[in-house]
Amino acid sequence: MKLRMLLLLSLAIAFVAFSAAPNALALTWTETIDGDLSDAHGAPTFLALDPGVNTVSGTMGTPPGGPLDADIFTFTIGAGEALVGFDLTALVPSSPLGTGSFLALSSGTSISSSNPSLHLGAALIPGPADLLTSLGTTFGGSGFTSPLGPGDYTFWIQETATT
């Protein structure tokens, strides 16, 4: 049986469009149904977000004897749109208390795994939070202003526990 660290990444992404089409359907991505989010920093899974609350859920970590399972995805914010919230709504970490799971945000359609100065922000997340306000420059990111305006962005989240 493949045992994975159960980090339930259930994100309600508040995506506001100032000129949105009426009745747009928000995205719901569930890894058990839609497939595993990418582990590749240079080739993240593209998620087509729509105005409204978009939900992404899955698991990540390092199963015994298995490779690291990070979750890396990219999305585009169109002209006249803004990402106003990125809420981690559920988290079941295996990390020791106080360490949290790693999260980083980058502009563009990839994210560096080796140069944190290329990130907009990063943080260790111990539990549910508004991730946009939690991301900082502690790990070397350049910083950003919320809400996120038009452009391409990539999120990288992974468990930091050694087990």
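Two strands are taken as paired if DSSP finds at least two bridges between them. In the predicted model described here, this criterion applies to β5 and β10, which run antiparallel and are joined by seven bridges. Within this pairing, F73 stands opposite F155 of β10. Strands of a sheet pair through backbone hydrogen bonds, in either the parallel or the antiparallel sense.

The protein chain contains two helices and 10 strands. Read from the N terminus, its elements follow the order β-β-α-β-β-β-β-β-β-β-α-β. Of the 163 residues in the protein chain, 44% are buried. Among contacts in the protein chain with a separation of 6 or more, 78% are between residues 24 or more positions apart. The accessible surface of the protein chain amounts to about 7600 Å², and carbon and sulfur atoms account for 60% of this area.

The mean pLDDT of the protein chain is 78, with 74% of its residues at 70 or more. Among the elements, strand β1 (residues 10–17) has the lowest mean pLDDT, 43, whereas β3 has the highest, 96. The pLDDT is below 50 over residues 1–23, although this stretch has 96 contacts in the model beyond near neighbours in sequence. Where pLDDT is low, the predicted coordinates should not be read in detail.

The pairing of β5 with β10 belongs to an open sheet of five strands, arranged in the order β3-β5-β10-β7-β8 with mixed pairing. Strands β3 (45–46) and β8 form the edges, each pairing on one side only. Strand β8 pairs with β7 in the antiparallel sense over five bridges, and A123 in β8 is the bridge partner of L103. Although β8 is an edge strand, four of its five residues are buried, so β8 is largely enclosed by the rest of the structure.

The largest nonpolar core comprises 26 residues, of which L47, F75 and F155 touch the most other members. At least two residues of this core come from each of β5 (71–77), β6 (81–90), β7 (101–107), β8 (121–125), α2 (131–134) and β10 (151–158). A second core of seven residues is separate and includes I72, A104, I111 and W156.

Aromatic pairs number eight in the whole structure. In one of them, the ring centres of F73 and F155 lie 6.0 Å apart and the planes meet at 35°, so the pair is tilted. This pair links distant parts of the chain, with F73 in strand β5 and F155 in strand β10, 82 residues apart. Both F73 and F155 are buried. A second example is formed by F102 and F139, whose ring centres are also 6.0 Å apart. The planes of F102 and F139 are at 80°, so this pair is edge-to-face. Because F102 lies in strand β7 and F139 in the loop between α2 and β10, the pair ties together parts 37 residues apart in sequence. F102 counts as buried because its relative accessibility is 14%, with the limit for burial set at under 20%. By contrast, F139 has a relative accessible area of 36% and is partly exposed. One aromatic cluster is formed by F73, F75, F86, Y153 and F155. Two residues of this cluster, F75 and F155, are also among the core members that touch the most others.

Two proline residues complete the description. P126 is located in the loop between β8 and β9 (129–130) and has a relative accessible area of 61%, so P126 is exposed. The C-alpha atoms of P126 and S101 are 6.3 Å apart in space, while the two residues are 25 residues apart in sequence. P147 lies in the loop between α2 and β10. The peptide bond leading from S146 to P147 is cis, with omega near 5°.

How values were computed: Residues numbered from 1 in each chain as written. Predicted model: local features only at pLDDT ≥ 70, side-chain atom pairs only at ≥ 80, totals over all residues. Heavy atoms only, no water. Core = buried A, V, L, I, M, F, W, Y, C linked by side-chain atoms within 4.5 Å. Buried < 20%, exposed > 50% of the residue type's maximum accessible area, 1.4 Å probe, protein only. Phe/Tyr/Trp six-rings, centres within 6.5 Å; stacked < 30°, edge-to-face > 60°. Contact = heavy atoms within 4.5 Å. Areas by Shrake-Rupley, 256 points an atom, 1.4 Å probe, with all protein chains shown as cover. pLDDT = per-residue confidence, 0-100.
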